[in-house]
Amino acid sequence: MFPKNFVWGVASSAYQIEGREENDGAGECIWDEFCREGRVYEGQNAFVSCDHMHRYREDFALMRLLGIRHYRFSISWSRLIPEGTGAVNEKGIALYRDMIREMKKNGITPYITMYHWELPQALQKQGGWLNEASIQWFAEYARVVAENFSDLCEYFITFNEPQCFIGLGNLTGVHAPGLKMSYKDTFQMVHNMLRAHGTAVKVLRANAKQEIKIGYAPTCGVAYPVSEKPEDIEAARKVYFGFNNPMDNWTWNVSWFSDPVLFGKYPEEGLKKFADYLPEMTPEDMELISQPLDFIGQNIYNGYAVRAGESGEVEYVEREPGAARTAVQWPVTPKCLYWGVKFLYERYKTPIYITENGMSCHDMVSADGRVHDRNRIDFLDAYLGELSKACEEGVDVRGYFLWTFLDNFEWEKGYNERFGLVHVDFTTQKRIVKDSAYWYQNVIETNGGCLSMNQLKGEIIFLNPVFTHNIWGGTRLREDFHYPVEGDDIGECWGIAAHPNGDCTVKGGTFDGRRLSELWKEEPQLFGNVDMDRFPLLIKIIDAKADLSIQVHPNDAYAKVNENGSLGKTECWYILDCDEDAALVIGHNAKTKEELADMIHQGRWSEFIREIPVKKGDFLQIDPGTVHAIKGGILILETQQNSDITYRVYDYDRLSNGKPRELHVEKSIDVITVPAKSVEDSVIDTMNVPKDELYTLYECEFYKVFQLEVEKKAVFEQKYPFMLMSVLEGDGLLNGQLVKKGDHLILPAGMGSVEVQGKLKAICSAI
Ligand code: BGC
């Protein structure tokens, strides 16, 4: 869960949304020049972009309507001070003041970022961040910001992602100003930027009109451990704060940009590695850079897994083929949010805000006029789940700003990437709130309570059956059902069982390989948290090639006393197949207990045994105390209490391994019900059971049994603590997954609506 008062917000930047107007008085920034040079996708520019400068009233109304109460946005330096230093543009000040007032009217708390990559072009002409004067330029800008906005705003962030505007802007040249400078120059620029940061913190504080809070918002991909093993965690920590990137990408690191700010020194590993390129760094510089901060911001979008190799060296783990990526090709790695904040907090011990996180999707307006961006919801849901785990473990995360509210100008990629919660048509400026925005509203309202990690998971649990070999068993379980089991005496397939004599394992998915009995104990939410000491049911397919012995079962009370606390056994059979003239043993012909004992003691079996004819599809309930026996040639699906207690009354005088099998004559006489239930009451004919619905065949105190025969499509609610299903014929799609003859599965609690299409027959049960 997230702490109370957790800040849920959205983030944006001025250049990406505002747009311009002929007489707005703003100066140009490096991105205007970059666009003009045609270096943006399809020659696009941000002259109009989202036209937010004219539409912020509606945009903030949308935010309010969506329950968004915190907004991180940036101020354009050249809109405020057109030449970067000197004369201030009053129109710019008025615009931002009005914007902030409008936010507040809508109940939105502003968080100002001073620098989101828009250096005034006039300053770039003087060398930009390479010029040490940039420290003073930025200080002057900070003073204008403090003087004009600190009465309205309490939260300030100096720089956004210096790794990018120095690395991408000045080392690789992908971003404005599009330069490829020497390593030495880029180190100088970082040192200047860090000093500008420290100076701005001082200037903001000195000129603020109220007590303000100041932070910084760097970024970097997160190295996270592939497992929870301490050595893998250590490897990830080392990489996250280390310097493994090649020189031509050297700015992608955390500690060069954050250690000086928070510790007042550059990291040793970097000082060694970069020794040849470093500028002069004085103790006074370091003191200036490390002005106390109220929080650190970190923009986190993705990460990469690492582990400790055999001899302790760091290894990068390759991503699985086909692993998920966003539209902009960034890997989807939710764990980065957990490990990112964990490692940062461990190292810097300063409250953290995630100042950006989000995803670009291939969004489009659907025929219904809405934008159904399910991918974004899934992405955010997984990432926020990880963030909440970190919060639960005590990491001091104060807030989360989703990138971003409006689809916008995505830097060199122009309008080709959509990161917004709100779709923008860049021709008409029409806004359409995407599904993810409504979803985020719910996240905010429930403080994360609605995230999937806090919900029951509707994952279908498939099981690996367990098999038994019996003297009366056959080969149909292998031949008809294709179960991988050898032998010609396969009597039983325990399809869903959590019994000590046969405990199924989970096949695939989240719980792969776990035993059903363990799952019952360790993941009770899957089973609706029912208060029972063991999994209550057992589902078998029985292939009787020869007759089974004549048997009877005790009830719970008798088994508890006489069978070591075991459950008794109530069961029922569904006849899957049999010969045309098949018969079964159900009940007996004794009228009194004395007659019963005599018939048994004297072996008057033909008088005692009551056989009844059965056919395919018949359903028989076998209460405890009912004498019963399956005859050879019959294939049944049995639903029963989770017990393996059977009293054998008579075994047709057969030998197994040269000896007769044990009989339980006295216990049988104890428990047999006299007289037996009538034949009519014992069999239910399922011939005319309706198709394409979940039809209840039988209910008793231990179970409900349903038949599901799908011809086309059946839809039902899984409203029981859990539901068991054994597919006996055909195949179909169950909520998007293939289910086929021989599959045994559990539909867990919280599964909700179940849709099955195809052609299949299944027997289901619940408690
Ligand atoms: C930047 C944003 C950008 C986002 C998506 C972040 O690095 O701060 O301005 O739009 O990533 O690329």
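This is a predicted model: local features need pLDDT of at least 70, side-chain atom pairs count only at pLDDT 80 or more; totals for chains, interfaces and linings use all residues.
1. Is D51 buried or exposed? Residues under 20% relative accessible area are classed as buried, and D51, at 12% relative accessibility, counts as buried. Its side chain makes a polar contact of 2.6 Å with the side chain of H54. If you set aside the neighbours within four places in sequence, D51 is in contact with I17, E18 and Q429.

2. Next, have a look at strand β8 (residues 303-308), which runs parallel to strand β6 (residues 222-225) and is joined to β6 by 4 bridges. To find this pairing on screen, look for Y224, which stands opposite A305 in β8.

3. β8 also pairs with strand β9 (residues 314-316), this time in the antiparallel sense, over 3 bridges. Here R307 is the residue opposite E315 in β9. The two strands β8 and β9 make a hairpin with 5 residues between them, and G312 in the turn has a positive phi of about 90°.

4. Now for a pair of helices. Two packed helices are described by the angle between their axes and the distance between the axes. For helix α10 (residues 230-240) and helix α14 (residues 335-348), the axes come within 11 Å and cross at roughly 75°. Angles of 65 to 115 degrees count as roughly perpendicular, and α10 and α14 are therefore roughly perpendicular to each other.

5. Which residues make the contact between α10 and α14? From α10 they are I233, A236, R237 and Y240, and from α14 they are W339, G340, F343, L344 and E346. Sorted by class, this contact has 6 nonpolar, 1 polar and 2 charged residues.

6. Finally, please visit strand β33 (residues 704-710). Because 6 of its 7 residues are buried, β33 is largely enclosed by the rest of the structure. One of its partners is strand β32 (residues 694-699), paired with β33 in the antiparallel sense over 5 bridges. β32 and β33 form a hairpin with 4 residues between them, and E699 has K704 in β33 as its bridge partner.

7. β33 pairs with strand β38 (residues 752-766) as well, again in the antiparallel sense, over 7 bridges. In this pairing F706 stands opposite C764 in β38.

Conventions:
Residues are numbered from 1 along each chain as its sequence is written. Side-chain values use heavy atoms; hydrogens and water are left out. Two strands pair if DSSP finds at least two bridges between them. Buried means under 20% relative accessible area, exposed over 50%, partly exposed in between (1.4 Å probe, protein chains only). A polar contact is a pair of N or O atoms within 3.5 Å; within protein, one must be able to donate a hydrogen and the other to accept it, and residues adjacent in sequence count only if both atoms are side-chain atoms. Contact means heavy atoms within 4.5 Å. Axes are lines fitted to C-alpha atoms, for helices over the stretch in contact, and angles run from 0 to 180 degrees between N-to-C directions. Angles under 35 degrees count as roughly parallel, over 145 as roughly antiparallel, 65 to 115 as roughly perpendicular and the rest as oblique. Ala, Val, Leu, Ile, Met, Phe, Trp, Tyr, Cys and Pro count as nonpolar, Asp, Glu, Lys and Arg as charged, and the others, Gly among them, as polar.
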